[in-house]
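This report describes the salt bridges of one protein structure. Please look over the sequence and the model before reading on.

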Amino acid sequence: MRAPAVRPALILSAALLGCAGTHALAACDPAGFMPSGTRTYRLTTQGQSSTFTSRAQVKGNTVTVQTTTDGQTTRSTWTCTGRGMTATIGAGKGDLRLESGFYPPTSAWKVGYAWTSDGKMQASGGMTMQSRTRSRVAAQEKVTTPAGTFTALRVETTTTTSMTPPAGTDLPPGMDLNNLMGGETRSTAWYVRGVGLVKQTIPSAQFSMVLTKYTR
């Protein structure tokens, strides 16, 4: 990551797409890593902490997520399609569309399993972020959060992103959008069967997220 001061805003946006996006992608197999329930997380970015609550309701191949942070609530609907998950986030001026690629079913989550997924996120203003994510289930281990101690699967991920400005945008001479906001990010996340994402860290962005409470 080339610009730690800029990237956290993007990371927070991804986290709010149904709790870091990735565990919402398990919607086609909700009994595994995306069951219905209410999750509260503590986020820490560059020393600043905040909390958000995510309420998920699974119906067939659709997951409805209502996320509340700083008193503001965002509703998102995730739908499983043949090419992956498609989500519409927010309403009105805050419209955001995220398209994700392959994400494995619960039965595939075993130590050593690896996969690659391509994604695209587009804001209403026309800004587009494309990503390629390479993930691997590295280990099964104990992890402790404020919500308790769990036996979790540790997933190590490398994500490469590129940014495309809206059509017709004239950037200042010498300004490289990908140099500011693109690049490669390494993250580690811990997932628990029947609970979902319980912890995530992105050292280069001084970012961490931990589950503080979960109720079904």
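A salt bridge is counted here where a side-chain nitrogen of Lys or Arg lies within 4 Å of a carboxyl oxygen of Asp or Glu. The model is predicted, and by this rule it holds 5 salt bridges. Three of them are described below.

Arg 134, Glu 184 and Arg 186 are joined in a network of salt bridges. Glu 184 pairs with Arg 134 at 3.7 Å, N to O. Glu 184 is in strand S10 (residues 183–192) and Arg 134 in strand S8, so this pair ties together parts that lie 50 residues apart in sequence. Glu 184 also forms a salt bridge with Arg 186, where the closest N and O atoms are 3.5 Å apart.

Another salt bridge joins Asp 118 and Arg 132, with 2.6 Å between the closest N and O atoms. Here Asp 118 belongs to strand S7 (residues 114–123) and Arg 132 to strand S8 (residues 128–145); the two residues are 14 residues apart, and the pair links distant parts of the chain.

The table gives the relative accessible area of the residues named above.

| Residue | Relative accessible area | Class |
|---|---|---|
| Asp 118 | 38% | partly exposed |
| Arg 132 | 42% | partly exposed |
| Arg 134 | 36% | partly exposed |
| Glu 184 | 36% | partly exposed |
| Arg 186 | 57% | exposed |

Arg 186 counts as exposed because its relative accessible area of 57% is over the 50% cut-off. Glu 184, at 36%, is partly exposed.

Conventions
Residues are numbered from 1 along each chain as its sequence is written. This is a predicted model: local features need pLDDT of at least 70, side-chain atom pairs count only at pLDDT 80 or more; totals for chains, interfaces and linings use all residues. Side-chain values use heavy atoms; hydrogens and water are left out. Helices (H or I, at least four residues) and strands (E, at least two) are DSSP runs, numbered from the N terminus. Buried means under 20% relative accessible area, exposed over 50%, partly exposed in between (1.4 Å probe, protein chains only).
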